[in-house]
Amino acid sequence: MGAAALAGCSPVGKPSLPPGDLVGMSHALGHRLRDGQFPAPPEIRQTGVLIVGGGISGLSAAWKLANAAVDDFLVLEMESEAGGNSRAGQSPFIAYPWGAHYLPLPSRESKAVRELLAELGVLQGDPKAAQPTYDERYLCATPQERVYRNGLWDEGLLPQRGLDAAEREQQKRFHERMEAIKHTKGNDGRPAFAIPMEYSSHDPVWRKLDRIPFSQWLNDNGFTAPTLHWLANYACRDDYGMAHDQTSAWAGLHYFACRNGEASNAASDTVLTAPEGNAWLARGLARGAAGRVLTDALVWRIEEGKSTVAVDVLFGAKTVRFEAQQLIWAAPAFVLPRVWPAMPGELKAAALAGDYAPWLTANLHLSDFPEERHGAPPAWDNVFYDSPGLGYVVATHQLIRRRLSGTVFTYYRALHDVTPAEGRRLLLETPREAWAEGILAELERVHPDIRRLTTRLDIFRNGHAMRRPVPGSLWGGHSSRGEPQGQREKLANFQSRRITLAHADLSGFSLFEEAQYRGVLAAERIMRTRGVRFKSSI
């Protein structure tokens with residue numbers, strides 16, 4: 001089913017649609033950058049470090065600065081609240097996510113993630129331990145996931161019912177191959193795939209996989225089973241907002257092979273989650289920036305000088321100029337050329353080289369749990385095998401020991417089946433009622449009474465949800481070997497005297513671990529420049 005087909009008019013005889021809102025990232029404010037005509041700044045404010053972007057990267061930079069006792073910084077966020085893709089909503093009885101909703105057990109390479117989790121009391125004991133103990137309230141309650149296929153639920157993500165012996169053997173071989181790659185090192189001694197991605201091997205044997213689509217790698221290695229291609233496609237849609245035949249094979253393998261975190265009190269594939277998704281992580285990062293986050297702030301001009309960098313910011317109808325000693329750009333890369341007229345040409349080309357996946361999220365408020373089909377019992381993550389949407393997560397799943405009459409289902413949909421530009425147009429022009437009708441019709445195949453039980457249905461649109469790791473976008477070379485750098489690497493390695501970049505875009509795809517790493521790295525670079533003593537988190 002195509003993206004446009006998801007939206008439709010309410011069929012005759014169907015009950016009226018539940019109320020709700022059409023919300024999302026502030027495209028109207030963002031589009032003002034194209035129009036120009038901003039008022040001159042009547043006011044000038046001074047600060048040491050100015051962080052533009054209050055998503056995970058910007059908050060991570062603030063977290064690192066605050067933990068090093070640096071207090072002369074401000075965070076500017078264009079939206080009405082910070083958090084980026086990790087924001088959440090609140091119903092009368094439960095919180096629920098608007099975007100990112102889980103964090104896998106962090107590997108040893110994800111030092112900053114472990115440090116944050118220990119600070120928040122979620123990781124208990126030594127953050128460097130091979131198998132730390134985690135607060136059970138954040139370990140996803142069982143069952144964790146199930147998949148709906150051919151009218152039945154299967155436990156786990158990979159369907160098992162009705163498969164012949166050959167397909168089951170391919171599934172087994174695929175899992176064994178991924179497990180082997182997890183423990184494989186390149187000729188430089190680094191893991192073939194690590195997270196953060198910069199810790200991965202530089203070995204050309206692995207990096208050359210960036211040149212082909214993930215679907216081709218599967219076929220080339222004898223993985224032709226429909227269920228395996230579905231799993232790979234689901235994985236790429238879930239993390240990258242794109243199909244597996246559009247995704248770099250390096251990125252596809254990274255999804256399956258980069259994470260090897262373990263816990264003393266949970267299985268290795270357990271994830272950390274909360275009713276509000278990853279908003280608790282964003283709040284934890286923001287604690288040290290209390291009082292220093294300015295929202296509804298549209299940066300429209302940057303000028304780098306010899307001793308300061310001037311940043312013009314629109315608040316409502318008024319422009320304020322900030323003069324900072326250092327600037328951390330933690331907003332999406334594609335925006336920077338619009339606000340920095342003197343941006344170096346090569347860097348500008350790198351910032352504009354990538355595209356972004358459009359996403360749709362919906363939160364359905366239910367008066368009771370809906371009717372179930374046969375098969376595996378209700379889970380936290382409920383995935384659809386043959387459907388335009390990815391499925392839904394259940395906000396109350398972590399409260400499984402409490403008796404609740406109602407719940408919230410958070411539905412996810414990557415608009416991967418149209419071009420990114422067409423997906424953004426659909427998000428901008430399609431009314432809420434059309435999206436809501438399409439989502440309810442899709443869910444009715446699984447839960448026949450869900451329309452009757454839905455008391456509210458809100459739609460969240462994100463036209464530039466994440467940078468797309470298309471083939472060739474991640475590894476264009478490595479400067480230490482005298483090879484030309486790719487566009488992504490130019491972004492990742494750039495630092496001028498006053499301006500440092502920090503965003504998941506610098507990794508080429510959007511994951512919490514990548515966004516945090518980029519923010520912490522930027523903060524540490526600036527502290528070295530300023531002569532601040534600190535203990536590295538990366």
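Select helix 3 and helix 4 (residues 111–119): their axes come within 13 Å and cross at roughly 65 degrees. Axes here are lines fitted to C-alpha atoms, for helices over the stretch in contact, with angles running from 0 to 180 degrees between N-to-C directions. Helix 3 is therefore roughly perpendicular to helix 4 (65 to 115 degrees; under 35 is roughly parallel, over 145 roughly antiparallel, and the rest oblique). Helices (H or I, at least four residues) and strands (E, at least two) are DSSP runs, numbered from the N terminus.

This is a predicted model, in which local features need pLDDT of at least 70, side-chain atom pairs count only at pLDDT 80 or more, and totals for chains, interfaces and linings use all residues. Residues are numbered from 1 along each chain as its sequence is written, and side-chain values use heavy atoms, with hydrogens and water left out.

Stay on this pair and show side chains. Trp-63, Lys-64 and Asn-67 of helix 3 are in contact (heavy atoms within 4.5 Å) with Ala-112, Glu-115, Leu-116 and Glu-119 of helix 4. By class, three residues of this contact between helix 3 and helix 4 are nonpolar, one is polar and three are charged (Ala, Val, Leu, Ile, Met, Phe, Trp, Tyr, Cys and Pro count as nonpolar, Asp, Glu, Lys and Arg as charged, and the others, Gly among them, as polar).

Residues meeting here include Ile-56, Ala-61 and Leu-65 in helix 3, and Phe-512, Val-520 and Met-527 in helix 17. The contact of helix 3 with helix 17 divides into nine nonpolar, four polar and three charged residues.

Move to helix 10 (residues 279–286). Six of its eight residues are buried, so helix 10 is largely enclosed by the rest of the structure. Buried means under 20% relative accessible area, exposed over 50%, and partly exposed in between (1.4 Å probe, protein chains only). Pick out Ala-279, Trp-280, Leu-281, Ala-282, Gly-284 and Leu-285, which are buried. Their cover includes helix 3, helix 4, helix 17, strand 4 (88–90) and strand 6 (103–104).

Last, the cysteines. How many disulfides does a search of the whole structure find? The search finds zero (a disulfide is a pair of cysteine sulfur atoms within 2.5 Å). Cys-236 is buried at 1% relative accessibility, and Cys-258 is buried at 2%.
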